Amino acid sequence: MEQPELGNRPLIATARDQALVLPRAEVAQVADLARRGLNVLLAGERGAGRTTALHAAAFALREAGGRAEVVDAAPARVLDDVVAAIDAAVARHGGDAGGGGVAAGGGALERVRRWRALDGSVIVMLDDLAPELAQPLFGRLRDELWQTPVRFVVAAPAADAGAFLTPPADVFFEGRVRLEPLGVAEQLELLGRRLPPEDAERAMRAVAGAGASTPREVVGLARQALVEGAQHDELAAAARVRRERVERLGPAASRLLAELEAAGGASASDPRLLERLGWSRQRVAQVAAALEAAGLVAAAPVRGEDRRVRRVFTPLAVPAPPAEGHG
């Protein structure tokens, strides 16, 4: 092992990163479905490892001789944006337009129709697509997509899966896979792949009983144990307090906290956060204030590129004492 890997970054489709990836039955299932020419929706909770799983499936498909392209759809704001990003990926595999390549430019429908000229099947592994773009892409353009040799594996948060499975987009996804919580044996293997044996054993002792179920939670608790020196009883107590406070605040707080954890923090006016939640800025600010009062997030003023100062809410790994008078 070159060095321990305790960061939050997803593991990508390279041989080095794949040596660190926990083998999961869901990844094998995704790769098998995609290999059979089916479109797949991969859903999972925040921190469940959707991006890592997507890259692992892409790596497996390439190793088996398939053509898989991972496309980050996070920057896309409108349909033309995401289709252009996919177009750039599939164009690498050629067609009969422009002397062997798919021609650049054009609107979404024009681009999709040109994919019919692709030389063989291409599997697009689409990550972080805004849920409001699911219907325009997989609903409105469904029949056009079916006429191309492009097949899709789409990773989506479990909370957003409904947007991808609303008719007419629902029948587009012939395969549906959900990333399940990690068991104790899987958590141990995950740490064993990322850490030297002595550190993995120490981290697992600290993680045990802390209620972790996702790769992000396991790695975060291991980081607290190894880097910050947190003990097992401290981590278990912090996890218990955290669960109790979130449950007391209700589903809205739980959802916002999950989004903040996924983003590493955000302001109440962050457009991506507002799009994902489907809330108003005022609603986000209200729920974030409740999380802050409960000691689950910290808020700090941050000056943005537009020179405006906004309060950015960042989740706390160890809950702070709640504000006086907060239940």
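Colleague: Which residues of H9 and H10 meet?
Modeller: In this predicted model, Val184, Gln187, Leu188, Leu191 and Gly192 of H9 meet Ala200, Ala203, Met204 and Val207 of H10.

Colleague: How do the residues of that contact divide by class?
Modeller: The contact of H9 with H10 has 7 nonpolar residues, 2 polar residues and no charged residues.

Colleague: At what angle do the axes of H9 and H10 cross, and within what distance do they come?
Modeller: The axes of H9 and helix H10, which spans residues 197-207, cross at roughly 145 degrees and come within 9 Å. The crossing of H9 past H10 is right-handed.

Colleague: Staying with H9, how does it pack against H11?
Modeller: Helix H9 (residues 184-194) packs on helix H11 (residues 215-226) at an angle of about 60 degrees, and their axes are 10 Å apart. The two helices are therefore oblique to each other.

Colleague: Is the crossing of H9 and H11 left-handed or right-handed?
Modeller: H9 passes H11 in a right-handed crossing.

Colleague: Which residues meet there?
Modeller: From H9, the residues are Gln187, Leu190, Leu191 and Arg194, and they meet Pro215, Val218, Val219 and Ala222 of H11. By class, this contact of H9 with H11 has 6 nonpolar residues, 1 polar and 1 charged.

Colleague: Which residues make the contact, and what are their classes?
Modeller: H2 contributes Val27, Val30, Ala31, Ala34 and Arg35, while H3 contributes Ala53, Ala56, Ala57, Ala60 and Leu61. The contact of H2 with H3 has 9 nonpolar residues, no polar residues and 1 charged residue.

Colleague: A change of topic: where is the cis peptide bond?
Modeller: The cis peptide bond joins Pro167 and Pro168, with omega about 5 degrees. Pro168 is in the loop between helix H8 (161-164) and strand S5 (175-178).

Colleague: And which residue other than glycine has a positive phi?
Modeller: Asp128 has a positive phi, near 65 degrees. Asp128 lies in the loop between strand S3 (122-127) and helix H6 (134-140).

Colleague: Where is Pro149 found?
Modeller: Pro149 is in the loop that lies between helix H7 (142-146) and strand S4 (150-157).

Colleague: What does Pro149 contact, leaving aside its neighbours within four places in sequence?
Modeller: With those neighbours left aside, Pro149 is in contact with Trp115, Arg116, Leu118, Gly120, Ser121 and Val122.

Colleague: Finally, what is the volume of the second largest pocket?
Modeller: The second largest pocket has a volume of about 180 Å³. Its lining consists of Ser267, Ala268, Ser269, Arg281, Ala285, Arg308, Val309, Arg310, Arg311 and Phe313.

Colleague: Which elements give two or more residues to that lining?
Modeller: Helix H15 (281-293) and strand S8 (309-315) each give two or more residues to the lining of the second largest pocket. S8 gives the most, with 4 residues.

Colleague: How does the lining of the second largest pocket divide by class?
Modeller: The lining has 4 nonpolar, 2 polar and 4 charged residues.

Methods:
Residues numbered from 1 in each chain as written. Predicted model: local features only at pLDDT ≥ 70, side-chain atom pairs only at ≥ 80, totals over all residues. Heavy atoms only, no water. 1 Å grid on protein atoms, 1.4 Å probe; cavity = no way out; pocket = protein on both sides within 12 Å on 5 of 7 lines; lining within 4 Å. Points joined across faces, edges and corners; volume = space filled by probe spheres on them. Nonpolar A, V, L, I, M, F, W, Y, C, P; charged D, E, K, R; others polar. Contact = heavy atoms within 4.5 Å. Axes fitted to C-alpha atoms, helices over the stretch in contact; angles between N-to-C directions. Parallel < 35°, antiparallel > 145°, perpendicular 65-115°, else oblique. Left-handed = near helix turned anticlockwise from the far one by under 90°.
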